[in-house]
Amino acid sequence: MEIIPLTAEDTLPLRQKVLWPDRPLGALRVPGDDDAIHLGAERSGSLVGVASFYSDGPTSARLRKLAVDPAYQGQGLGRALVQAGALVLRQAGCDTLWCDARATALTFYHGLGFTIAPDSFEKSGLAYHKAHLDLRG
């Protein structure tokens, strides 16, 4: 597996397949995509995972649209993408990475060292929790 830089456009098909298969491809772009850091996990020449990191102030960044092809989930690709993004952000002077973590993925984020807020909230019919990772350590 190799972690590679991507453009926002490169991430869209996998975002759609994994996160929002019922939405058109164009609806999966989000504000800030053009300025974000996009990383991909490639295996045997195929893009099988994507993650996007958005500046949220001088020392904070937000993880959005983490998606790993279902055929490759559970193999550490999501972990590798988040860790690679955290390293890039830490080197750029960020001290906090946060995300809106789907309730179904809290174990994944906890395993990466994220602190999970106890209260949930709903977006697009799904339950989420705020999650924060301290990048200073």
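**Ala80 and its surroundings**

Modeller: Ala80 touches Met1 and Ile3, leaving out residues up to four places away in sequence; a contact here means heavy atoms within 4.5 Å. The model is a predicted one, in which local features need pLDDT of at least 70 and side-chain atom pairs count only at pLDDT 80 or more, while totals for chains, interfaces and linings use all residues. Residues are numbered from 1 along each chain as its sequence is written, and side-chain values use heavy atoms, without hydrogens or water.

Ala80 belongs to helix α2. Helices (H or I, at least four residues) and strands (E, at least two) are DSSP runs numbered from the N terminus. Ala80 counts as buried because its relative accessibility is 18%; the term means under 20% relative accessible area, with exposed over 50% and partly exposed in between (1.4 Å probe, protein chains only). Val50 lies 30 residues away from Ala80 along the chain, and their C-alpha atoms are 10 Å apart.

Strands β3 and β4 run antiparallel and are joined by six bridges; two strands are said to pair if DSSP finds at least two bridges between them. Their hairpin has four residues between the strands, and Gly57 in the turn has a positive phi of about 120°. β3 also runs antiparallel to β2, through seven bridges, with Arg43 opposite Ser46 of β3. In that hairpin two residues separate the strands, and Ser44 takes a positive phi near 55°. β3 is mostly covered, with seven of its 10 residues buried.

The whole sheet is open and has seven strands in the order β1-β2-β3-β4-β5-β7-β6, with mixed pairing. β1 and β6 (115-123) stand at the edges with a single partner strand each, so one side of each has no neighbour in the sheet. From one strand to the next the twist averages 30°. β6 and β7 are antiparallel and share six bridges, and Ser120 has His129 of β7 as its bridge partner.

α1 lies across β1, β2, β3 and β4 at about 110° to β3. α2 packs on the sheet and touches β1, β2, β3, β4 and β5, its direction making about 145° with that of β2. Such angles run from 0 to 180 degrees between N-to-C directions, and axes are lines fitted to C-alpha atoms, for helices over the stretch in contact. The buried residues of α1 (residues 8-18) are Ala8, Thr11, Leu12, Leu14 and Arg15.

There remains the nonpolar core, a set of buried Ala, Val, Leu, Ile, Met, Phe, Trp, Tyr and Cys residues joined through side-chain atoms within 4.5 Å. The largest one holds 25 residues, of which Leu63, Leu97 and Phe114 touch the most other members. Two or more residues come from each of β2 (37-43), β3 (46-55), β4 (60-68), α2 (77-91), β5 (96-102) and β7 (126-134). α2, with six residues, gives the most. Apart from this core lies another, of 10 residues, including Ile4, Leu14, Leu19 and Leu28. Beyond its neighbours within four places in sequence, Phe114 is in contact with Val82, Leu97, Cys99, Tyr109, Ala131, His132 and Leu133.
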